[in-house]
Structure formats: structure tokens, C-alpha cells
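Keep the viewer open and follow along as each part comes up.

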Amino acid sequence: MGEENELSAAIERVLLDEAAISGRVRELADDISADYARMRHNEERLVLVGVLKGAFVFLADLARQLSIPHHVDFIALSSYNASATASEVRLIMDSRINVAGHHVLIVEDIVDTGHTLDYLLRTFRARHPRSLKSCVFLSKPDRRQVEVEIDYLGFEIPDVWVVGYGLDYADRYRTLPYIGALRREVYEA
């Protein structure tokens, strides 16, 4: 009961419920599957590169919905703070798959300033993939400092701190099945 009370005290409102998320992930998977359906599977492959930790839930759901062959890999970055710049983004765990000559889809949980996705796109472009695209679950366009192209977008959201569906605050709330807006007093305390 204590955890339930803490949760209800921490979440201001639900922005995206389970049904909305599930439906949109299915639509994204259908679009991606259609766009990559013409791959020559013996010569090409689609590599989904999930950004840990935030994108793990989204990536798992998306990958299970794809109707085309694909590989899953992960990278980890450090930087998340409100003023992160490109020079502050650091790769702390790299992809294990050589992506040269293959299609790469960066799967990210959220884009706010754009610095992290910009860094990822530049990093993977230098590895000479056959194609490079991004799939982002959430975008906060009001926070954008660097314009980045998002090829597949789940949802645009307002500039509020969100948790759930892989996103966290202080490594909490990550496994909520919905996207909730965190009360200001929780993260300003």
C-alpha cells in the first residue's frame, strides 16, 4: 500500500495510457516493416540500436511487432542533465555489431534538446551504414536546441518531466506501463 500511495503522490497525470502506447507502437512497427520490406535478407540486415536504459521497454515492444528480420543491439550513453550539450554526451557502452553496409535504426526513448540524438546520428553515420534512421518514442519540440531529423515518431509531448515505459526519475518509475507527468515537487525537492 505504501508504494501505491507514493506513486499516486508522485504522478500528476497520465499523458499516455497503455492502449495509446500499444496502438502507436503497432503503427510504428507496421511503418518500419513496410519501409524495410524490400531488404535483400541474405545481403542486408536491419539493426535496431536501442539506447539504454530509457529505450529498453519501447525497443522490446517495437521489435516484437516487426514483421521483418532484424537484429537488436544496445548502446549506453552518459549525460542526462537539463543542460547537456553535444560535448557532454559520452558513449559508455558501444554497439557490438559492425553496422557497415547494413540498415541502422537508432531507437531512442525521448528527444528534448536534440544533442544526444545528434551525437548518435553523427557517430553511426561515420560507421558507414547502408542507411541510418531514427525511431523516437517521445519528442519535446519546445526544448529543442539542435534540430534533428526523427524518421519515426511515437508522440510529441509538452515540456513536462515524464516517467514510465522506460523513462525514469532517479532510477524510479521506469516500469510503469504508461507515461505519466511527474509532479514538480518530486524532482525539485
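A nonpolar core, in the sense used here, is a set of buried Ala, Val, Leu, Ile, Met, Phe, Trp, Tyr and Cys residues joined through side-chain atoms within 4.5 Å. Buried, in turn, means under 20% relative accessible area. Please keep in mind that what you are looking at is a predicted model.

With that in hand, start at the largest nonpolar core, which has 30 residues. I32, F58, L62, C135, L138 and I179 are the members with the most contacts inside this core. Two or more residues each come from helix 2 (18-35), strand 2 (46-52), helix 3 (56-65), strand 5 (103-111), strand 6 and strand 7 (152-156). As a general background, nonpolar side chains tend to be buried together in soluble globular proteins.

Now look at the strands that supply part of that core. Strand 2 has six of its seven residues buried, so the rest of the structure largely encloses it. Strand 2 pairs with strand 5 in the parallel sense over five bridges, and L46 stands opposite H103 in strand 5. Strand 2 also pairs with strand 3, again in the parallel sense, over six bridges; here G50 stands opposite F74. Moving on from strand 5, you reach strand 6 through a parallel pairing of eight bridges, where H103 stands opposite S131. Strand 6 is largely enclosed by the rest of the structure too, because seven of its nine residues are buried.

Helix 3 is the next stop. Its residues V57, F58, L59, L62 and A63 are buried, and the elements covering the buried residues of this helix include helix 2, strand 2, strand 3 (71-78), strand 5 and strand 6. Helix 2 also holds R24. A polar atom of the R24 side chain lies 2.6 Å from the backbone oxygen of L153. Not counting residues up to four places away in sequence, R24 touches L153, G154 and F155.

What about the aromatic rings? The structure holds five aromatic pairs. One involves F137 and Y165: their ring centres are 4.8 Å apart and their planes meet at 40 degrees, so this pair is tilted. F137 lies in strand 6 (residues 131-139) and Y165 in the loop between strand 8 and strand 9, so the pair ties together parts that are 28 residues apart in sequence. Both F137 and Y165 are buried, and together with F58 and F155 they form one aromatic cluster.

Strand 8 and strand 9 (residues 179-182) pair in the antiparallel sense over two bridges, with V162 opposite A181.

Finally, which loop residues deserve a look at their backbone? Most residues other than glycine have a negative phi, and most peptide bonds are trans. Against that background, a cis peptide bond joins L52 and K53, with omega about 0 degrees; K53 sits in the loop between strand 2 and helix 3. The loop between strand 8 and strand 9 holds D171, a residue other than glycine whose phi is positive, near 60 degrees. Y173 is in the loop between strand 8 and strand 9 as well, and has a positive phi of about 75 degrees although it is not a glycine. Are these two buried or partly exposed? D171 is partly exposed, with a relative accessible area of 48%, whereas Y173 is buried, at 12%.

Methods: Residues numbered from 1 in each chain as written. Predicted model: local features only at pLDDT ≥ 70, side-chain atom pairs only at ≥ 80, totals over all residues. Heavy atoms only, no water. Pairing = 2+ DSSP bridges. Helix = DSSP H or I, 4+ residues; strand = E, 2+ residues; numbered from the N terminus. Phe/Tyr/Trp six-rings, centres within 6.5 Å; stacked < 30°, edge-to-face > 60°. Buried < 20%, exposed > 50% of the residue type's maximum accessible area, 1.4 Å probe, protein only. Polar contact = N/O pair within 3.5 Å; in protein donor to acceptor, adjacent residues only side chain to side chain. Contact = heavy atoms within 4.5 Å.
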